[in-house]
Amino acid sequence: MKRLAFFPDAASTMAGQVDALFFFLLGVTAFFSLLIAGLIVAFMVRFRRRPGVWPTEKSEPTESLEGSFFLETFWSVVPFGITLVAFFWGASIYAALSLPPEDALQVNVVGKQWMWKFQHLEGRQEINELHIPIGRPVRLNMTSEDVIHSFFVPAFRTKMDVVPGRYTASWFEATKPGEYSLYCTEYCGTLHSGMIGRVVALEPAEFEAWLAGADVGGGNVPVAARGERVYQAQGCPTCHETRGDSARGPSLAGLAGTSVPLASGGTVAADDTYLRESIVSPQAKLVAGYPPIMPTYQGLVSEEELMQLIAYIKSLAPARAAERR
Ligand code: CUA
């Protein structure tokens, strides 16, 4: 198959499963296409117009056909069964592709017109190039700075939209070292076709060495530490404590992953999306017991900085029980 230029390399743990389903669907489609086309040709020959056979000179009514209960059941049940196989098979692959393993390596991804920006949780940043280790699941936390893009690595058989104002995730586990093409596969403006890059899959040891290296400009600061810088620079500590309880705004200690009581009643899960929303539009889900005094930080912090802030908030340990209660 690799000899066919239009068929991509298979370099992830999911690639074989996706291909198997693809070939199953291709096989089923080919079988029925040939069967139907073959029958059409056969019937054309078998029932062609012949002199003296039909129609006769004086038209006669066509024979009445009763139909066949067996045939109709057969050709309803069999295709139904085949589509159900495709459905459950496809759903199981979709579910596997949608649920990144817990222990996955994490990379933040920001798409913008027209480039891909990556930052590894451990620190390194790159543009239009993503270094990853083989044999280990990699989770991408993705968002867009402007319009919808879509992150597509054919060799890994993973494709996920990158949407402004929302976090989407994608994951893969590369199986062999090499360089693989990365595409934006959602039309996003003039240079959409130029929004490409490459994924460099390395042996684990090589990857560790790469990860420990420095970026152009010498930086290699973990995402959470960058988040703390943003937290300080934007003046967040004025209202938000990171250890104990704070007076003006809710404490950030151990906030991520908890359930937050809202002023409007009910609760909300403090996931990435909620944390982001609370920074860019603080009044959207006001925490119970606090006045609506926080200004919006929309436009003041970039999408990357928002991701860094969220990583910082997630890195904060819960406050001691006595302080929290
Ligand atoms: Cu970004 Cu197309």
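## A residue pair across two strands

In this predicted model, Val110 has Lys117 of strand E2 standing opposite. The strands concerned are E1, which covers residues 105–112, and E2, which covers residues 115–120, and six bridges join E1 and E2 in the antiparallel sense.

## The sheet around the pair

Strands E1 and E2 belong to an open sheet of five strands, in which the order runs E3-E2-E1-E5-E8 and the pairing is mixed. Its edges are formed by strand E3 (125–127) and strand E8 (168–172), each of which pairs on one side only. On average, and with direction ignored, neighbouring strands of this sheet are turned by 25° against each other. In general terms, the strands of a sheet pair through backbone hydrogen bonds, and they do so either parallel or antiparallel.

## The largest pocket

Which residues lie closest to the centre of the largest pocket? The largest pocket holds about 890 Å³ of space, and of the 39 residues that line it, those closest to its centre are His240, Gly249, Pro250, Leu252 and Val287.

Strand E11 (259–261), helix H5 (272–280) and helix H6 (303–315) are the elements that give two or more residues to the lining of this pocket, and the largest share, four residues, comes from H5.

Conventions:
Residues are numbered from 1 along each chain as its sequence is written. This is a predicted model: local features need pLDDT of at least 70, side-chain atom pairs count only at pLDDT 80 or more; totals for chains, interfaces and linings use all residues. Side-chain values use heavy atoms; hydrogens and water are left out. Two strands pair if DSSP finds at least two bridges between them. Axes are lines fitted to C-alpha atoms, for helices over the stretch in contact, and angles run from 0 to 180 degrees between N-to-C directions. On a 1 Å grid over the protein atoms alone, a cavity is a set of points where a 1.4 Å probe fits but cannot get out, and a pocket is an open set with protein on both sides within 12 Å along at least five of seven lines; lining residues have an atom within 4 Å of a point. Grid points are joined across faces, edges and corners, and a volume is the space filled by probe spheres set on the points.
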